[in-house]
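Please work through each task before reading its solution.

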Amino acid sequence: MMDSPVVIRVENVTQRFRVIHERPDSVRELFSKFFRKKVKYHDFEAVKDASLSVRSGEVVGIIGRNGSGKSTLLKVIAGVYRPSAGCVTVTGTIAPLIELGAGMHPELTGRENILINGLLMGFSKQEMLRREQAIIDFADIGEFIEAPIKQYSSGMFMRLAFAVATEVNPDILIMDEVLAVGDFEFQAKCFDRLRRFRESGKTILIVTHSMAQIEEICSRAVFLDHGRILADGAPAEVAAMYLKSGIGEHAEPILVEAPSARA
Amino acid sequence: MIELCRDTYRYRELIWALALKELKIRYKRSVLGFLWALLNPMLLMLVLTLVFTTIMPMISKPHYAIFVLSTLIPWTFFAQSLSYGAESIVGNADLIKKVRVAKLVFPMAALVSNMINLLLSLIPLLLILVAMKHPFHWTWIFLPVALFALTLITLGGNFFFAAANVYYRDISHILQIVIQLWFYVSPIIYSKDLIPAKYQIFFKLNPMYYVLNEFRLSIYDGLLPEWTNIFACYVCGLASLVIGFYVFRRYQDEFVFYT
């Protein structure tokens, strides 16, 4: 794997956000400039000077506490944000599962959403129609595929989103804590698919709070803290380091198997 | 500008799918569904005919409903596109924050969905034409010329307001008021000949003045396009598109932080 090509190259990336404290987006802001009343904000660096190279075929788990910059890093790689500093180079098609059902419209049916979702990811209509049946089969939500997805349970939602993202056969799959929703049977199906993905030389980036997942499927783990990459290496070691980092700051140690941490 | 054409072509399927999605949502849960796109102008025509032939006949024209509809249909496209366009980025914030997507598809889709509406509303217009025994002028063949200029103007506006609304949400509220006012200063319910000579100059600052005139000439009067008029349409159209797209492009990478 050491000689396979680098598909994701993150170089000295910093992602800065302006956090506005009160009443954003209004003409008042414009007026306040005239009246010299300052709009209150602070700049916040969600990711600080991060560098990371991922080779094709690697499965990289990203761990860290809430607010440590994991999702931001994924979004920078997925091209949602343009980094404030540094640069990101990605080779190949990406299927981002940043959050459940991004780009799915509640009023449209599952079938209609499959097409829109695929087009949003940059795949052609022809390609999506060709894969439609496979997606529906994998999601396995029965008649619901013809119903507007606002009527879906969160599990069905996740099944459909996962099915679309993996069935389009992307070179790189990005997942942000999405696996927690499915039932054990579907989770097993997902892991099975992830394993096959890995075997076919595809790259996976995954954010999770489950250390078991990290050690089970990842070939490498990255530990983020306050926007910085603190550790990068073998899953077991990095996971241990992450767990240890909690002790001392907290009265009790962090649970190894944290329950679904999605807000 | 080349970039605009290239990206439009590249994302044509996505733009089309988003436009259809918008229409589907607009007519969802209504019994008549898409029929509303046809019924709306019909019902409006009834109201117009009633109001302007019985209640205030002084500015009336023969076949007044057709007189008004010939400009009201393009106007509705313009006004609706702008309101949808202004909301297009903010309304799709969810998407923009989670998926990498070319931002220009949203104002584009707002335009396309309203264009479909416009084309659909030509059907009832034809029916009304037949019902009122108004001649079907061969000058209809010049409509695409006017329609294309209208598209340029509207698209420029869509880009501009979509970007502006990201930073100042007040824009979409202000826009609603401006559109109302704009409606009355454009020759839609009255003829441009009714404008007093000394005010003509001000009315001619309005890009829609030329475009609407072109529609009325082709549909209602059955007259050939006025070439100076066409020229004015395209100057306004290109100016609008260049400014609108420039502003949009300048700020599009920042949208994600403000939506």
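Angles under 35 degrees count as roughly parallel, those over 145 as roughly antiparallel, those from 65 to 115 as roughly perpendicular, and the rest as oblique. The model is predicted, so local features need pLDDT of at least 70 and side-chain atom pairs count only at pLDDT 80 or more, while totals for chains, interfaces and linings use all residues. Residues are numbered from 1 along each chain as its sequence is written, and chains are lettered from A and ligands numbered from 1 in the order in which they are written.

**Exercise 1. Helix packing in chain B**

Task: Classify the packing of H7(B) with H8(B), and describe the residues of their contact.

Solution. 
Step 1. Helices (H or I, at least four residues) and strands (E, at least two) are DSSP runs, numbered from the N terminus. Axes are lines fitted to C-alpha atoms, for helices over the stretch in contact, and angles run from 0 to 180 degrees between N-to-C directions.
Step 2. The angle between H7(B) and helix H8 (residues 170-185) of chain B is about 130°, and their axes lie 7 Å apart. H7(B) and H8(B) are therefore oblique to each other.
Step 3. On the side of H7(B), the contact is made by Phe161(B), Ala164(B) and Asn165(B); on the side of H8(B), by Ile171(B), Ser172(B) and Leu175(B). Two residues are in contact if their C-beta atoms, placed from the backbone, lie within 7 Å.
Step 4. The residues of this contact comprise four nonpolar, two polar and no charged. Here Ala, Val, Leu, Ile, Met, Phe, Trp, Tyr, Cys and Pro count as nonpolar, Asp, Glu, Lys and Arg as charged, and the others, Gly among them, as polar.

**Exercise 2. A further helix pair**

Task: Determine how H6(B) packs against H7(B).

Solution. 
Step 1. Helix H6 (residues 105-131) of chain B and helix H7 (residues 143-167) of chain B pack at about 135°, with axes 9 Å apart. That angle makes H6(B) oblique to H7(B).
Step 2. The crossing of H6(B) with H7(B) is right-handed. A crossing is left-handed if the near helix is turned anticlockwise from the far one by less than a right angle, and right-handed if clockwise.
Step 3. From H6(B), Phe106(B), Pro107(B), Ala110(B) and Leu111(B) meet Thr154(B), Leu155(B), Asn158(B), Phe159(B) and Ala162(B) of H7(B). The residues of this contact divide into seven nonpolar, two polar and no charged.

**Exercise 3. The sheets of chain A**

Task: Give the strand order of the two open sheets, and identify which strands stand at their edges.

Solution. 
Step 1. Strands of a sheet pair through backbone hydrogen bonds, either parallel or antiparallel. Two strands pair if DSSP finds at least two bridges between them.
Step 2. The open sheet of six strands has the order S5-S6-S7-S3-S8-S9 (chain A), with mixed pairing. Strand S5 (94-97) and S9 of chain A each have a single partner strand, so one side of each is left without a neighbour in the sheet. The twist in this sheet averages 15° from one strand to the next.
Step 3. Leu97(A) stands opposite Met175(A) in S6(A).
Step 4. The open sheet of three strands has the order S2-S1-S4 (chain A), with antiparallel pairing. Its edges are S2 and strand S4 (85-90) of chain A, each with a single partner strand, so one side of each lacks a neighbour in the sheet. The twist here averages 25° from one strand to the next.
Step 5. S1(A) and S4(A) are joined by five bridges in the antiparallel sense, and Ile8(A) stands opposite Val90(A) in S4(A).

**Exercise 4. A positive phi in a hairpin**

Task: Locate His226(A), and state whether it is buried, exposed or partly exposed.

Solution. 
Step 1. His226(A) is placed in the loop between strand S8 (220-225) and strand S9 (228-233) of chain A. S8(A) and S9(A) run antiparallel and are joined by five bridges, with Asp225(A) opposite Arg228(A) in S9(A).
Step 2. Most residues other than glycine have a negative phi. The phi of His226(A), however, is positive, near 50°, in a hairpin with two residues between the strands.
Step 3. A residue is buried if 20 or more other C-beta atoms lie within 10 Å of its own, exposed if 12 or fewer, and partly exposed in between, with C-beta atoms placed from the backbone. His226(A) has 14 other C-beta atoms within 10 Å and is therefore partly exposed.
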